[in-house]
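Subject: A structure for you to look through

Hi there,

Here is the structure I promised to pass on. Please open it next to this email, and then read on for what turned up in it.

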Amino acid sequence: MENRGKAYGAMYLALFFSVLLLLALNLCIGTVDIPLGEIAAILGGRGTDAVHGGIVLKLRLPRALAAAILGGGLALSGYLLQAFFHNPIAGPFLLGVSSGAKLAVALVMVLFLGKSMAVSSGALIGAAFAGAMVSMGVVVLMSQVMDHMSTLIVSGVMVGYICSAITDFVVAFADDADIVNLHNWSKGSFSGIGWEDVAVMAVVIFAAFFCVLMLSKSMGAYGLGEVYARNMGLDVGRFRVALVALSSLLSACVTAFAGPVSFVGIAVPHLVKYLFRTTKPLVVVPACFLGGAAFCLLCDLLARVLLAPTELSISTVTAVFGAPVVILAMARRAKERG
């Protein structure tokens, strides 16, 4: 047990320093490369180059922090859905939850921007949460009448396609220049995020993260079966509602600020479980957050620099890394059943 605890500690440190390293690389590398020493000086208030200071403090740092915070939240959202459905390939993007949130945000932004009104971060998160809860409600209802998880996944994908089609329709026929810019957001991007947005998302994501940690013991019991969980005194009905609400809130916050980001919620929990060799929620939850942060920081860096000055959507890069993980997870699950 002591050796296992030391191993977990070493892996947590490895993930933490990976996040710090990728955060530093995101600040240094771009259209304008800035040395690490100058980055340190700028962050310490000793920078002498005003242009570099503006790039770091107004553009790269809030974007990198957003990628880390939202990436961690999205990985947690996927982990909660996998726990809810007892299935390793459940995730907010695959089940259409992110698409429902995207549709609600797009409708709110079109309504407000069309009347030249500002949209607050709280309004965006509220709209995304409502859309995510509606989509999640549809998926949960379908799960009551469908015996096979594969059929449920396909149904969730169809719900996502319907929501995405309606969103694309709304965006395509918008006249206002600001509304037309929704096209980039609808493909997924961490660009354009400011300090006020970072503050709001940090409060929401970290509050949800704390709640998930508090549910870790209950998730462990639930993972052993509903009968066992009830015998342990767990109110399964309320617990499932909490899982749905927290997963939807996390997914909604990501979608409100960055649009739909694919495969992070499915791939990262698998990678974390493989790395730590355990499924214990108390171990996996913080590791998922760190893993999601590192994953999105890496993908956002690649999205910015691979075809610079052209920027790829974040979902394009996350799909390249995340889709193979999902395929391997499905193959492994089929092998275990066989």
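Leaving aside its neighbours within four places in sequence, which residues is Ser164 in contact with? Before the reply, a word on the source: this is a predicted model, in which local features need pLDDT of at least 70 and side-chain atom pairs count only at pLDDT 80 or more, while totals for chains, interfaces and linings use all residues. Residues are numbered from 1 along each chain as its sequence is written, and side-chain values use heavy atoms, with hydrogens and water left out.

Now the reply: Ser164 is in contact with Ser99 and Lys102, where contact means heavy atoms within 4.5 Å. You will find Ser164 in helix α6 (residues 149–172). Helices here are DSSP runs (H or I, at least four residues), numbered from the N terminus. Ser164 counts as buried because its relative accessibility is 16%; buried means under 20% relative accessible area, exposed over 50%, and partly exposed in between, with a 1.4 Å probe and protein chains only. Gly100 is 64 residues from Ser164 in sequence, yet their C-alpha atoms are 7.9 Å apart in space.

Next, two helix pairs that share α12. Two packed helices are described by the angle between their axes and the distance between the axes.

Helix α9 (residues 195–214) packs with helix α12 (residues 236–258) at an angle of about 165°, and their axes are 10 Å apart. The axes are lines fitted to C-alpha atoms, for helices over the stretch in contact, and the angles run from 0 to 180 degrees between N-to-C directions. The two helices are therefore roughly antiparallel (under 35 degrees counts as roughly parallel, over 145 as roughly antiparallel, 65 to 115 as roughly perpendicular and the rest as oblique). On the α9 side, the residues that meet α12 include Val200, Val204 and Ala208, and on the α12 side they include Leu246 and Leu250. This contact has twelve nonpolar residues, no polar ones and one charged. For these classes, Ala, Val, Leu, Ile, Met, Phe, Trp, Tyr, Cys and Pro count as nonpolar, Asp, Glu, Lys and Arg as charged, and the others, Gly among them, as polar.

Helix α5 (residues 121–145) also meets α12: their axes come within 7 Å and cross at roughly 135°, so α5 and α12 are oblique to each other. By class, their contact has 15 nonpolar, four polar and one charged residues. Ser247 of α12 is one of the residues in it. Ser247 is buried, since its relative accessible area is 1%, and its contacts beyond four places in sequence are Ser77, Leu80, Leu81 and Met136.

What about the interior? The largest nonpolar core has 96 residues, and Leu70 and Met219 have the most contacts inside it. Such a core is a set of buried Ala, Val, Leu, Ile, Met, Phe, Trp, Tyr and Cys residues joined through side-chain atoms within 4.5 Å. Helix α3 (residues 50–85) gives the largest share of this core, 15 residues. Among the residues that Leu70 touches are Phe190, Met201 and Phe257.

Met219 is one of the buried residues of helix α10 (residues 216–223), along with Ser216, Ser218, Ala221 and Tyr222. What covers them includes α3, α9, α11 (226–231), α12 and α14 (281–305). After α10 comes Gly225, with a positive phi near 120°.

Enjoy exploring!
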